[in-house]
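Take a look at the sequence and the model first, then read on.

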Amino acid sequence: MTATEALYVYGVVPEATHPGLFADVEGIAGGRSVRLVEAKGVAAIVSPVPLGDFEEEALEQHLRDPAWLEEKVRAHDRVLAAAVGRVTVLPLRFGSIYRGEDHVRTMLAERDELADDLVRLDGLEELGVKALLDTSVLRGRLESARGADVAAGSGRAYMLRKGFERELDAEVRTFAATCADESHARLAAASVAARANPTQAPEVAGGDMILNGAYLVRFDAEEKLRSAVAELAARYGDDGVSYELTGPWPPYNFVEEGET
Amino acid sequence: MSTPARRMGAMPGRREPTQLADVLERVLDKGIVIAGDIQVNLLDIELLTIRIRLLIASADKAREMGIDWWQGDPFLARGQKRGELEDRLNRLERAAGINGDTPSDDGD
């Protein structure tokens with residue numbers, strides 16, 4: 001490393017981790033330069049970054065460039081993904097940068113909680129499950145279940161129709177809340193720990209998201225969560241609910257306990 | 001930047017291509033927070049995190065304010081001063097019904 005470089009830290013793994021896990025993955029500044037820096041039984045996943053891009057002022061500018069940020073955020077995740085499911089990975093939040101290996105070692109040595117977290121999360125990874133509700137499908141079902149008591153025609157029928165629409169809206173909301181709760185409970189039962197995060201906006205999610213969950217599972221128990229997802233899809237599919245499983249992720253949602 | 005296939009890294013087929021929002025809400029908003037040697041980015045990352053949270057949770061509100069989800073977000077326009085960023089953030093948060101307190105520069 002030269003004086004024009006710094007070290008970007010992606011996450012922390014057990015000391016015994018084979019550095020070859022990262023041999024094929026591209027670092028945040030490009031190149032196959034991801035390596036491990038060890039201290040006190042743990043190892044930081046790092047790669048060199050040019051200070052020209054990652055020093056205070058440059059970084060501040062870059063953070064406002066969506067294309068730059070997207071590339072770097074994806075790179076951060078890609079590096080950690082290379083190890084997920086093989087070793088226990090503690091993900092760091094984006095942007096931990098050190099001026100040298102000795103500084104990284106000092107950080108590792110000062111933080112006993114890293115080793116504790118590696119024990120607590122040993123053999124665990126995170127899977128994401130998002131549930132989207134196609135309200136037109138659900139409304140169609142609810143409507144036909146109600147039968148033909150609101151046939152179109154007179155002004156009175158119009159008023160009935162308005163009332164009917166309001167009732168349908170309420171039913172859709174009730175269904176969405178119940179389905180989200182029951183889905184989360186079912187998925188939580190198939191995992192070690194669970195967290196329901198705020199749902200994403202329709203423009204982002206591509207539909208009406210009713211559940212944005214994160215589930216902590218053993219490396220070898222992914223199938224248990226997958227079959228819970230399949231079971232839910234079978235139960236609620238006809239109501240317009242679809243499920244998407246993401247990951248495996250490092251346990252991003254489970255490293256800062258007690259934080260909301 | 002690598003191709004999507006390359007993004008799968010060392011574990012081909014292990015992972016579906018990930019949507020940006022899912023990556024952002026984890027990499028920027030979750031994970032262990034450790035202040036590195038390069039400190040000035042902390043407030044920026046904090047601002048960024050709040051902004052991303054806002055955009056992901058209420059893109060419709062952001063759109064009403066003339067701010068598009070992710071690309072084309074004038075909030076991210078190069079060269080804006082931090083004060084302007086904070087003002088805009090506060091306006092957005094109020095519009096979205098989120099606590100509009102100023103993320104202060106306390107300690108500076």
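Predicted model: local features only at pLDDT ≥ 70, side-chain atom pairs only at ≥ 80, totals over all residues.

Does A:K40 count as buried, exposed or partly exposed? A:K40 has 14 C-beta neighbours inside 10 Å.

**The loop at A:K40**

- A:K40 is found in the loop between β2 and β3 of chain A.
- The phi angle of A:K40 is positive, near 55 degrees, although the residue is not a glycine.
- Most residues other than glycine have a negative phi.
- β2(A) and β3(A) form a hairpin, with two residues between the strands.

- Strand β3 of chain A covers residues 42–50.
- It is mostly covered: eight of the nine residues in β3(A) are buried.
- Strand β1 of chain A, residues 5–14, runs antiparallel to β3(A).
- Nine bridges join β1(A) to β3(A).
- On that side, A:P14 stands opposite A:V42 of β3(A).
- Strand β2 of chain A, residues 35–39, also pairs with β3(A), through five bridges.
- This pairing of β2(A) with β3(A) is antiparallel.
- A:R35 has A:V46 in β3(A) as its bridge partner.

**Helices α6 and α7**

- Two packed helices are described by the angle between their axes and the distance between the axes.
- Helix α6 of chain A spans residues 135–146, and helix α7 of chain A spans residues 155–189.
- Their axes come within 10 Å and cross at roughly 120 degrees.
- Angles of 65 to 115 degrees count as roughly perpendicular, and those over 145 as roughly antiparallel; α6(A) and α7(A) are therefore oblique to each other.
- The crossing of α6(A) past α7(A) is right-handed.
- From α6(A), the contact is made by A:T135, A:L138, A:R139, A:L142 and A:E143.
- From α7(A), A:L168, A:E171, A:V172 and A:F175 take part.
- By class, this contact of α6(A) with α7(A) has five nonpolar, three charged and one polar residue.

**A cis peptide bond**

- Which form does the peptide bond from A:G247 to A:P248 take? It is cis, with omega near 5 degrees.
- Most peptide bonds are trans.
- A:P248 is found in strand β8 of chain A, which covers residues 241–249.

Notes. Residues numbered from 1 in each chain as written. Chains lettered and ligands numbered in written order. Buried ≥ 20, exposed ≤ 12 C-beta atoms within 10 Å, placed from the backbone. Helix = DSSP H or I, 4+ residues; strand = E, 2+ residues; numbered from the N terminus. Pairing = 2+ DSSP bridges. Axes fitted to C-alpha atoms, helices over the stretch in contact; angles between N-to-C directions. Parallel < 35°, antiparallel > 145°, perpendicular 65-115°, else oblique. Left-handed = near helix turned anticlockwise from the far one by under 90°. Contact = placed C-beta atoms within 7 Å. Nonpolar A, V, L, I, M, F, W, Y, C, P; charged D, E, K, R; others polar.
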